[in-house]
Amino acid sequence: MWRDAALVAGKDLRIEARSRVALSQVAPFGAVALVLFAFALGPDRTLMAKGAPGLFWVAVLFSTVLAVQRSVAVESADGARDGLRLSGIDPAGLFLGKGAAVALQLVVLEALLAAGVLLLYGARVEVPWLIAVSCVLGTVGLAATGTLYGALSAGLRVRETLLPFLFLPIAAPVLLAGTRIWQAAMAGGTPSDGTVWLRLLVVFDAVYVALGVVVYGPIQEAA
Amino acid sequence: MSAPLRPAPAPPVAVGLPPPRRDRPPLPSRRARAAERTVGAVALAATAVTVWLGLWVTPPDQVQGNLVRLVYLHPGVAWVALYLAFGLAAVASLLYLWPRTRSLVWDRLAAAAVEVGVVFNVCTLVSGSIWGRPTWGVWWVWDARLTSTAVLLVLFLGYLAMRRIPAEPEVRAKRSAFVALFAAVDIPIVHFSVLWWRTLHQGATVLNANLSPKIHGSMAWTLLLGFLALTLVFVWMLLVRYRIGALEDWLGGGELELALAERRAEGALPEDGSTPAEPLGVG
């Protein structure tokens, strides 16, 4: 399972390294979102700094939709999905591999977005490690749920419109938890506030990664 | 004139419409129909009695006045929507996914439960808003319960969206069962996250303070009857929706072939332009 996961993740990342779609389209989209949020909130920097945690995670959520759609799209042509199924790769490995590739791209994206938030919105962070941990945990959950819904909607003609509708409400707890952790990290001094939410993220990750490992095979049959 | 463009005429037997379906539609037995009607009648009667008790017999509340009468409706609707309907949908979807109990019965039951549950969910939000406007002064509060109810509604609207995508019944059943499963797993997480979201930074919200005044006498009985009546209404709607779902599945298989055959028959007009013979094999 782990070997298969590494193979699949390596394949997706190699495609990304050669096509640079995430880097040249998804990351700029995140940047555009940050600028648009700034326009929406007006030039008041204190207001922007206050809203920075939520805006960061909303931008991440929207970018996740794009990253997942890209992850599905690279296998939509030439019956590549059926090829993967027939290749004898463990479905659990396939799930973990595709999820890991999405997660890795998202982590890079989040680093860029975080830098953007700090620079553009003037947000000050007191406890940086809290933000780093929350980003990693949140990303695992987003990648897991995104990959599951991506697989579920892979064969559908309406997948571009259906995926955000299904995925975004499911990811609402990640948005809530991530925002609260950012706020705690920005306020400083109240790590207890953050740890409750870190625990929630851990539970979310564990539930959906486990679910994906178990049901990814049957999902492929249904897609 | 356009004869060369036309494909080679098929032999006359293939041109005609397919023979009428020989298999019978899955109509419920006489006893099942009787049970459905009985549930419906009892539900109607219980609702009528609840309305009568709630509007005329019970006294207005000391604090809330006539507004308290919504308490006979709102909690019952919420109970059906949030626990009964979506709980049933989750269990039925799980039973469908479990290979030993896989049957389209569970799929139809889950679909019916979600559809009725979404209606009840909207009723919960609307009746809550109507109560909230005079009580809190606003239509909507970002309270924990309100928020998770709204998230639940969106999650199951996604389920219905997935169901609307045309597919073979088995494929559709599997897909929607997965959507229901993922949503059901998410519900406790959403619940706690929203709860902490509201309570970590401020104390108890307005909703917890006032909704459970001491209830006794006729008010308690009316409240109880309201729960019962709405549960019965839910069961009746579920039964009707299930029956319709079974008929839809039965019809769904033949519609496409029928339409194709009809178009083919239109294309195969006789050379002299007269209309084709009327019966063509179907009634």
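**Working through the model**

Reply: A89(B) touches A110(B), A113(B), V114(B), G117(B) and A180(B), leaving out residues up to four places away in sequence; residues are in contact if their C-beta atoms, placed from the backbone, lie within 7 Å. This is a predicted model, in which local features need pLDDT of at least 70, side-chain atom pairs count only at pLDDT 80 or more, and totals for chains, interfaces and linings use all residues. Residues are numbered from 1 along each chain as its sequence is written, while chains are lettered from A and ligands numbered from 1 in the order in which they are written.

Me: Which residues have the most contacts inside the largest nonpolar core?

Reply: They are F56(A), A85(B), A89(B), A110(B), A113(B) and F234(B), in a core of 123 residues. A nonpolar core is a set of buried Ala, Val, Leu, Ile, Met, Phe, Trp, Tyr and Cys residues joined through C-beta atoms within 7 Å. Buried means 20 or more other C-beta atoms within 10 Å of the residue's own, exposed means 12 or fewer, and partly exposed is in between, with C-beta atoms placed from the backbone.

Me: And which helix gives the largest share of this core?

Reply: Helix α5 of chain A (residues 91–121), with 13 residues. Helices here are DSSP runs (H or I, at least four residues), as strands are (E, at least two), numbered from the N terminus.

Me: How many helices and strands in chain B?

Reply: Chain B has 8 helices and 0 strands. Of its 283 residues, 29% are buried. Taking contacts in chain B between residues at least 6 apart in sequence, 81% join residues at least 24 apart.

Me: At what angle do α4 and α5 of chain B cross?

Reply: Roughly 145°, and the axes of α4(B) (residues 104–136) and α5(B) come within 10 Å. Axes are lines fitted to C-alpha atoms, for helices over the stretch in contact, and angles run from 0 to 180 degrees between N-to-C directions. The crossing of α4(B) past α5(B) is left-handed, that is, the near helix is turned anticlockwise from the far one by less than a right angle, with clockwise being right-handed.

Me: What makes that contact?

Reply: Residues of α4(B) including V114(B), G117(B) and L125(B) meet residues of α5(B) including L153(B), F156(B) and L160(B). By class, the contact of α4(B) with α5(B) has 13 nonpolar, 5 polar and 2 charged residues. Ala, Val, Leu, Ile, Met, Phe, Trp, Tyr, Cys and Pro count as nonpolar, Asp, Glu, Lys and Arg as charged, and the others, Gly among them, as polar.

Me: Over to chain A. How do α3 and α8 pack?

Reply: Helix α3(A) (residues 45–73) and helix α8(A) (residues 172–187) pack at about 145°, with axes 8 Å apart. Their crossing is right-handed. P53(A), G54(A), F56(A), W57(A), V58(A) and L61(A) of α3(A) meet L175(A), G178(A), T179(A), W182(A), Q183(A) and M186(A) of α8(A). That contact has 8 nonpolar, 4 polar and no charged residues.

Me: I clicked on A33(A). Buried or exposed?

Reply: A33(A) is buried, because 20 other C-beta atoms lie within 10 Å. A33(A) is found in helix α2(A) (residues 21–41). Leaving aside neighbours within four places in sequence, A33(A) is in contact with A59(A) and F62(A).

Me: What about R20(A)?

Reply: R20(A) has a positive phi of about 55° although it is not a glycine. R20(A) lies in the loop between α1(A) (2–19) and α2(A), and counts as exposed because 11 other C-beta atoms lie within 10 Å.

Me: And D78(A), where is that?

Reply: D78(A) is in the loop between α3(A) and α4(A) (80–86). D78(A) has a positive phi of about 55° and is not a glycine. With 8 other C-beta atoms within 10 Å, D78(A) is exposed.

Technical notes
Contact = placed C-beta atoms within 7 Å.
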